[in-house]
Structures are given as C-alpha cells and as structure tokens.
Amino acid sequence: MDKIRELGLKGAEKMAKVFGKKKVVVVGDGRVGSSAVFALFQQSWINEVGVIDVVLPGHKDENGEWVKGFNAMHNVEGDALDMNDGASFLNGNGRVEGCDYSICDDADAVVITSGAPQKPGQTRLELLGANASIVAGVCKQLKSHLNDHCVVIVVSNPCDVLAWVAYKTLGIDSKRVIGSGCVLDSSRLKQEIGDDLGIDYRSVNATIIGEHGDSEVAAYSASHSTKTYLLLHLFTQLIDSTIMETQ
Ligand SMILES: NC(=O)c1ccc[n+]([C@@H]2O[C@H](COP(=O)([O-])OP(=O)(O)OC[C@H]3O[C@@H](n4cnc5c(N)ncnc54)[C@H](O)[C@@H]3O)[C@@H](O)[C@H]2O)c1
C-alpha cells in the first residue's frame, strides 16, 4: 500500500505499475462469461484473457444410437478471434485466447461463470442441484492447472454456496476462493438510489449484505452520498428512518 501511495497513481494504472500485468481466465462463455471477457479485455492492467467452455464427448443412447457431443469450445474460439480483431478500437492491450484448462497454468485469477441461469420464478438456490455438479466438474479439471497464487472467483449461482463447493473441490486456502456475493446487487442499489435522487451513481455509497439471493439485505444505515440530505429524504420515505452516516 505504501508503494501505491508513493506512486500516487489511480485505479488500473496502480494495478499495472505495482503488481504487473495480469492474466485472467473465464470459465463459461455464456452471457455473463462473454461480457466478463469483453470487460476484462478492455482493462489496461490485463495483458491476457483466457476463455474456456464445455466440451462434452459423444455417447451412445439407450438404443445404441450415437449422440454427437456438444463442443461449446467452437463458439469460444470464434469469440476470441472476434475480440482480437476488434482490439484496435479498444483501450486494452491484451489478447483473448480460447483454450483448454492448460491456459490456467499461469493465470492470476480464474472466474467461474459456467452453469444454468435462473428461469422465471426460479430462485437462485433452486439452481444448486444443476450447478453444483457443473462447478465441481470445472474445479476438478482446474485443480491440476492451478498455480500457487491464482485466485478463483465464483459467479455461477447460487454463488455463495458454489464458492464453498469450489473451495472444497480445489482443496486450497479459503482466502483464494471468493464468491462474487452481492457486488452486482450493491451496484444495482447505487444505480437505483442515483436515479431516484437524480445524481450520478458514482456519488452513492451503498451496500447489499448477506447471501446473494432472496434473503439479502440493503444496509441503508451505512449508505451515504455526496448529497446526503437527499438520501435522508429518500430513506425517510422508504423505511421511515433516518440515514445514520454522513460524509
Ligand atoms: N453472481 C452474480 O451476480 C450473477 C449474475 C448473473 C448471473 N449469474 C450466474 O452466472 C451463471 C451463468 O449465467 P449466464 O446467463 O451466462 O448463462 P448462459 O447459459 O448464458 O452461460 C452458461 C455457460 O456455461 C457453459 N457451461 C456449462 N457447463 C459447463 C462446464 N461444465 N464447463 C464449462 N462451461 C460450462 C455453457 O456452455 C454456457 O456457455 C448462472 O448460474 C447465473 O445464475 C451470477
């Protein structure tokens, strides 16, 4: 931290100068995974983004008929090529590579987004049955390619429970397995408050705590913004209480 202060740099610049360029691999190239790859690809502190998806072998059905395997890696390779083709229009300076788990050998972080998303009316916890085996399967393949410093971030839902599944399957220090938790929900809350108050969401500091799911809680009492008096008004209306903290 002292070194960061000394350098007096900001955000991504700090990361690159202090920690060097980073490599992140995303597992699961669906809607969440491909968006993550695109966002990571544009960061100046990242020089390599890897992406992996499922390759299911073919098998014989109960009638002995051959059922062709599903190779989502074909899409991944195409996505990686498309992204590299567009690199000259973006701020980043990295490469995207679609590959197998060997790409994780020198990764700094692996982000797991593989698994089924919610259907209408379904809770995140109801995804557990399907997604626990997918995440455990991903981690079994990842295990032999995980270096000593790589951090694993679990986004697949229910992410808090699946972070535990990943931790148990990988058998590494719990500090290296992180669930994405309520980061998205907190960001949504900032957007909502910003929109309601007519201020930029970046001026709002608000957090959702608890499990990323139906039991999560908005920590209104710990929220504040550059226009605290407006928040006071909003919270009085919303929860009939006053905002405790000011900036
Ligand atoms: N934590 C959060 O804040 C948050 C937010 C949004 C979505 N999610 C979760 O992220 C997950 C992905 O959502 P999505 O909308 O991208 O779904 P999607 O169906 O678009 O993509 C899922 C991808 O996972 C791949 N996949 C399936 N099994 C795999 C395996 N064994 N190995 C590698 N890849 C595999 C699929 O081929 C597909 O490309 C869901 O579980 C969803 O609930 C979490």
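How many residues does α6 have, and how far does it reach from its first C-alpha to its last? The helix has 12 residues and reaches 16 Å, close to the 16 Å expected at 1.5 Å a residue. The expected span of a helix is 1.5 Å times one less than its number of residues.

The model shown in these views is predicted: local features need pLDDT of at least 70, side-chain atom pairs count only at pLDDT 80 or more, and totals for chains, interfaces and linings use all residues. Residues are numbered from 1 along each chain as its sequence is written.

**View 1. The whole chain.** The chain contains eight helices and 14 strands. Helices (H or I, at least four residues) and strands (E, at least two) are DSSP runs, numbered from the N terminus. Of the 247 residues, 32% are buried. A residue is buried if 20 or more other C-beta atoms lie within 10 Å of its own, exposed if 12 or fewer, and partly exposed in between, with C-beta atoms placed from the backbone. Among contacts between residues at least 6 apart in sequence, 58% join residues at least 24 apart. Two residues are in contact if their C-beta atoms, placed from the backbone, lie within 7 Å.

**View 2. The six-stranded sheet.** Six strands make an open sheet with parallel pairing, in the order β7-β2-β1-β8-β9-β10. Two strands pair if DSSP finds at least two bridges between them. β7 (95-98) and β10 (177-179) stand at the edges with a single partner strand each, so one side of each has no neighbour in the sheet. On average, neighbouring strands of this sheet are turned by 20° against each other, direction ignored. Axes are lines fitted to C-alpha atoms, for helices over the stretch in contact, and angles run from 0 to 180 degrees between N-to-C directions.

View 3. β1 and β2 pair in the parallel sense over six bridges, and Val 24 has Val 49 in β2 as its bridge partner. Five of the seven residues of β2 are buried, so β2 is largely enclosed by the rest of the structure. β2 and β7 are also parallel, paired over four bridges, and Glu 48 stands opposite Arg 95 in β7.

**View 4. Met 73 in α4.** Met 73 lies in helix α4. Is this residue buried or partly exposed? Met 73 counts as partly exposed because 17 C-beta neighbours lie inside 10 Å. Leaving aside neighbours within four places in sequence, Met 73 is in contact with Asp 53, Val 55 and Gly 98. Met 73 and Leu 56 are 17 residues apart along the chain, and their C-alpha atoms are separated by 9.8 Å.

**View 5. The largest nonpolar core.** This core has 44 residues, and those with the most contacts inside it are Val 110, Ile 112, Val 154 and Ala 166. A nonpolar core is a set of buried Ala, Val, Leu, Ile, Met, Phe, Trp, Tyr and Cys residues joined through C-beta atoms within 7 Å. The largest share of the core, eight residues, comes from α6. Apart from this core lies another, of eight residues, among them Cys 182, Leu 189, Val 204 and Ala 218.

View 6. The loop between β9 and α6 holds Pro 158; the peptide bond from Asn 157 to Pro 158 is cis, with omega near -5°. Buried residues of α6 include Cys 159, Leu 162, Ala 166 and Leu 170. The buried residues of this helix pack against β8, α5, β9 and β10. α6 lies across β8, β9 and β10, and runs at about 165° to β10. After α6 comes Gly 171, whose phi is positive, near 65°.

**View 7. Helix α7.** α7 (residues 183-197) has 15 residues and reaches 21 Å from its first C-alpha to its last, close to the 21 Å expected. Its buried residues are Asp 185, Leu 189, Lys 190 and Ile 193. They cover an arc of only 145° around the axis, which puts them on the same side of α7. The arc is that of the directions from the helix axis to the C-beta atoms. Just after α7, Gly 198 takes a positive phi of about 70°.
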